[in-house]
Amino acid sequence: MTNSPIIAAARPDAEWWRTAVIYQIYPRSFADSNGDGIGDLAGVTQKLDSLANLGIDAIWFSPFFESPQKDAGYDISDYRKIDPIFGTNEDLDVLLAKAKSLGIRIIVDIVPNHTSDQHAWFKAAMAAPEGSAERTYYHFLDGKGENGELPPNNWQSIFGGPAWTRTTNPDGAPGQWYLHLFDATQPDLNWDNPAVAEEFDEILRFWLRKGVAGFRVDVAHGMVKRAGLPDATNYDHNMRELPISNLGREEAEKAVPYWGQPGVHDAIRRFRRVLDEFDDRAFCAEASMSPLPRLAMWVRPDEYHQAFNFDYMTCDYEPAALKKIISDSIIEYAKVGASSTWVLSNHDGIRHATRLGIAKENTPRPGDGIHPSDPAPDEALGLLRARAATAFMLGLPGSSYLYQGEELGLPEAWQLDVKYRQDPTIARTNGERIGRDSCRVPLPWVAGETASNGFNTTGESWLPQPENYRTFSRNLQEGVPGSTLELYKRLLKERKAFSMGSGEFRWAEHFEDKNTLAYVNNGVLVIFNFGPDAVALPAGEVLVTTQHDLTAENELQHDQVVWIKL
Ligand code: GLC
Ligand code: CA
């Protein structure tokens, strides 16, 4: 039996973020303490024990700062204040103290690419004349055309439509245009202005002093724009962005002058210097960069600590593709001294319990969502595969991100009526793209307790739960062998027991064929059977498996994973 080479060496657990399992809380949908239908910080504090019990190391909160909520809090009007719908700054202090007592670190979401149009900086910029210092916080430009009636360039908003909106001067005449890569209520900040960087130094310090463990950095790939804001060249005939992973780095930087510009690395290093004034804190970048060697540039030693692995998240459910992305991730990140991250679901995509039940050719683009009139996904198959994909992921070395509700096997609420939906993408595309609301529906805690299944005591819910959420309620799974919740707990427990987050990893090719993948990490053999046939298992103690009542004498069925102690 020949051994495959080691591709990740065992390393000490000193830097917590390298191995952490980080649970994403989408605050408006986790738990609601005051019954208004919107989750809040006090609700999270009440439920923290259940997360400690799950076995996570840290929580990343999607934004809970003051915001008009035009993009569910990713439009911030005050970076130092908790929005009243989520509670108060004191509520966060209480939460931080309780989390600390449970050994859970708290990561908050920082949004440096844009503010809300209700932020004091933008209001001041709008009130100030052209060419003023106030306007240099953002990208205000004159339009093209005879009377400035055309936008300054051809950039498109990620949510659809042009990335520019024209202002109106105090005298009622049309004025300059401002840039917004997202909704018109989310003007982009100008990171070439040192005053902007100074403001953020202080915002970071404010939260670091409060005791947060670090930041998830929103749209980290967009902060710095190419000098002169030239036209982009990567649009299809509908002005939709095309993938650029086939282009070389410099070509890609030219084609998309607002993503991944070289100047961003100075801004990152500055962030890092501020963070390093404090012990033991970390950054995770939302940097949608592809391919992996390009993304790895963002996690060099003096830059971010880690970056989300979106190529892994969107990888096909197929052994060869998965094997390649896992190897590439470990190797490319290691080249710059970083650990890999893994993620299968978040608040922008389609929950993986549903996504993996959709044929590849029917899978919507990230952010587009499943339309209620689309063909129904195969939810039973999706759940089976989601459990397997998660069990395979949680044995990998590096850090894993979980999205609230996936530990219940929660499906996407894809049939959610359009009338409830709030994602700005819908309005900006005239309903063509249905958006992300259906992965953001409040969690079911106690089956049938209220119309919202224990999300609160009133049954109110900012997005209504679909009928089937009842059956996924946490209380129906707690302590029930074979439930998805107990599976997650067991995976996290064994992962820790065998230090797999920092383990010695190699592919176990002698257990693989074209329909299976296998690896060994710190003496634990993990086998994934993609099917269709069952596979025989080697001798050893079954530590955990997605397959009910599996013993080493049995065969591993299709779409199942097992962890065996060698
Ligand atoms: C990120 C967030 C997404 C948000 C966007 C604009 O991609 O994850 O939810 O809409 O940034 O802030
Ligand atoms: Ca509430």
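A residue is taken to be near a molecule when one of its heavy atoms lies within 4 Å of it. In this predicted model, 13 residues surround ligand 1 on that basis. The closest are Asp71, Asp218, Glu286, His347 and Asp348. By class, the shell divides into seven charged, four nonpolar and two polar residues.

For Asp71, a polar side-chain atom lies 2.6 Å from an oxygen atom of ligand 1. For Glu286, the separation between a side-chain N or O atom and a ligand oxygen is 2.7 Å. For Asp218, a polar side-chain atom is placed 2.8 Å from an oxygen atom of ligand 1. Taken alone, ligand 1 exposes 300 Å², and the protein buries 95% of that area.

Asp71 and Asp348 are linked with Asp423, Arg436 and Arg440 in a network of salt bridges. Side chains of opposite charge can pair when their charged atoms come close. Over the whole structure, the search finds 38 salt bridges.

One of these joins Asp57 to Lys496, with the closest N and O atoms 2.8 Å apart. Asp57 sits in the loop between helix 1 (41-54) and strand 2 (58-61), while Lys496 belongs to helix 14 (residues 484-497), so the pair ties together parts that are 439 residues apart in sequence.

Other pairs stay within one helix. Lys489 and Glu486 both lie in helix 14, three residues apart, about one turn of the helix. Their closest N and O atoms are 3.0 Å apart. Both Lys489 and Glu486 are buried. In helix 9 (residues 319-335), Glu332 and Lys335 show a spacing of three residues, again about one turn. This salt bridge has its closest N and O atoms 3.1 Å apart. Glu332 counts as buried because its relative accessibility of 16% falls under the 20% cut-off. Lys335 is exposed, at 60%, because the cut-off for that class is over 50%.

Arg272 is located in helix 6 (residues 264-275). Its relative accessible area is 13%, so Arg272 is buried. The side chain of Arg272 makes polar contacts with backbone oxygens. The backbone oxygen of Glu303 is reached at 2.6 Å. That of Pro301 lies 3.3 Å from a polar side-chain atom of Arg272. Beyond residues up to four places away in sequence, Arg272 touches Phe283, Pro301, Asp302, Glu303, Tyr304 and His305.

Methods: Residues numbered from 1 in each chain as written. Chains lettered and ligands numbered in written order. Predicted model: local features only at pLDDT ≥ 70, side-chain atom pairs only at ≥ 80, totals over all residues. Heavy atoms only, no water. Helix = DSSP H or I, 4+ residues; strand = E, 2+ residues; numbered from the N terminus. Buried < 20%, exposed > 50% of the residue type's maximum accessible area, 1.4 Å probe, protein only. Polar contact = N/O pair within 3.5 Å; in protein donor to acceptor, adjacent residues only side chain to side chain. Contact = heavy atoms within 4.5 Å. Areas by Shrake-Rupley, 256 points an atom, 1.4 Å probe, with all protein chains shown as cover. Nonpolar A, V, L, I, M, F, W, Y, C, P; charged D, E, K, R; others polar. Salt bridge = Lys/Arg side-chain N within 4 Å of Asp/Glu carboxyl O.
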